[in-house]
Amino acid sequence: MTRTDVAVVGAGPIGLAIAWRCAIRGLRVEVHDPAPGSGASAVAAGMLSPVAEAYFGERRLTELLVASAARWPGFAAELTEASGTEIGYRTEGTLMVGLTGDDLAEARRLWAYQQGLGLPVTPLRPSELRDREPALAPRVRGGALAPTDHQVDPRLLVPALRTAARRAGAVLVPQPVRRLSDVDAGVTVVAAGCGAAALTGLPVRPVKGQILRLRAPGGVAPGFRHVIRGYADGEHVYLVPRADGEVVLGATVEERADTSVTAGAVLRLLRAGVDLLPELTEYDLVEAVAGLRPGTPDNAPILGPLPGRPDVLAATGHHRHGIVLTPITAEKIADLVTTGVPDPLLAPFGADRFAVASSTGTGDAARPDAGDVSGRRFAVASPAGDAARPGAGDVSGPGRTTEEDLWS
């Protein structure tokens, strides 16, 4: 049997996009995952928000987000053509709003920081907000427009990527990978979300996010077009409208590893959502679900070879940014596979920025502690983000504690 060139472990958007990019370069690619599309991508809202997600202390991460978001128009067009299916890519932009005076003061502080980075943020008065979105509550005190923050539907994105990868020649292997030694390939790419901890020993932890899906009555489109990211009496929420009438409302940020949906989280999300858009009281509540984002100590992704293992590349730890970072992650990892030379843009996000204080395995999931990073101590040698911030926003982690969209 001929040895494959590239084995990708994990079939979420990141893993599938890497497989697609490697396959169209002429490489023989296998993608290993027993449950395609069953993890974070099935939960994620799909916001492409390099501006609204630009937070204090995450300058280098913001640069990566901006660079990836700039690739999304071309990426979406190419993927739609290659797969023959739509992916729900929309470009109306994002409105960031504050419900109360305190909410607006907090939001304005962040907007000033974002403007200081040269990001496109246009402040709007309440009347200007309602000119754009009449459905916003009269109580909303003010806001801003981020015109380059777009959206895509992850539940359409994953099947499209799967089709594009398959048409380019990638082979799907529907078995889980328990240890890296089970894979026979020239290069192995670990794109397994939280499952990367067990396979590689990297400090990737689950960060729980609960999210709701509503539907406009009568099957019509929602009464608003923009993505709404709001502060409502101190609660941070987002509302993402879909053309088919769906509205995604999220999301909590919890340092927990379970995927149960709690009444308290549903109550907080619904209260904040209705405070911003009162018409939601008439919408159907069709789904309440929780997923697990793959977080890292500095909340930035891990992209590149494992220390001492140039044949094993990590593409994980995307936390709340997995969807927006899909194009640039796929492009740069595929380039690394073909050239062996990492792009300088990836330098702040290498696995070597974490100094492991206690010995860890590199891919032996059979070890009793292989899937548990809670007992290990990791120091951030060169932070790419702000380790003090747990993060918020898109649910871009896996749907289970030990695997993110692992499919083969």
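Leaving aside its neighbours within four places in sequence, which residues is Glu 254 in contact with? The legends below take up this question and others on a predicted model.

**View 1. Glu 254 sits in a loop and is buried.**
The loop holding Glu 254 runs between strand 13 (246-250) and helix 7 (263-276). Glu 254 has a relative accessibility of 13%. Buried means under 20% relative accessible area, so Glu 254 counts as buried. Beyond its neighbours within four places in sequence, Glu 254 is in contact with Val 207, Lys 208 and Gln 210.

**View 2. Trp 20 and Phe 75 form an aromatic pair.**
The structure holds four aromatic pairs. In the pair of Trp 20 and Phe 75, the ring centres are 5.7 Å apart and the planes stand at 65°, so the arrangement is edge-to-face. This pair links distant parts of the chain.

**View 3. Trp 72 and Phe 75 pair within helix 2.**
Their ring centres are 5.1 Å apart, with planes at 80°, so this pair too is edge-to-face. Trp 72 and Phe 75 are three residues apart in helix 2, about one turn of the helix. Trp 72 has 1% relative accessibility and counts as buried. Phe 75, at 3%, also counts as buried.

**View 4. Ring pairs build a cluster.**
Which residues do the ring pairs link? The cluster consists of Trp 20, Trp 72, Phe 75 and Tyr 89. Phe 75 pairs with Trp 20 and with Trp 72.

**View 5. Arginines lie over aromatic faces.**
Arg 21 lies over the face of Trp 20, at 4.4 Å from the ring centre. Trp 20 is also a member of the ring cluster. Arg 109 lies over the face of Phe 56, where the distance to the ring centre is 4.5 Å.

**View 6. Cys 22 and Cys 194 are buried.**
Buried or exposed: which describes Cys 22? Cys 22 is buried, with a relative accessible area of 0%. Cys 194 is buried as well, at 4%. How many disulfides does a search of the whole structure find? The search finds zero.

Conventions. Residues are numbered from 1 along each chain as its sequence is written. This is a predicted model: local features need pLDDT of at least 70, side-chain atom pairs count only at pLDDT 80 or more; totals for chains, interfaces and linings use all residues. Side-chain values use heavy atoms; hydrogens and water are left out. A disulfide is a pair of cysteine sulfur atoms within 2.5 Å. Buried means under 20% relative accessible area, exposed over 50%, partly exposed in between (1.4 Å probe, protein chains only). Rings of Phe, Tyr and Trp (its six-membered ring) pair if their centres lie within 6.5 Å; planes under 30 degrees apart count as stacked, over 60 as edge-to-face and the rest as tilted. Helices (H or I, at least four residues) and strands (E, at least two) are DSSP runs, numbered from the N terminus. A charge sits over a ring if NZ of Lys or CZ of Arg is within 6 Å of the ring centre and within 35 degrees of the ring normal. Contact means heavy atoms within 4.5 Å.
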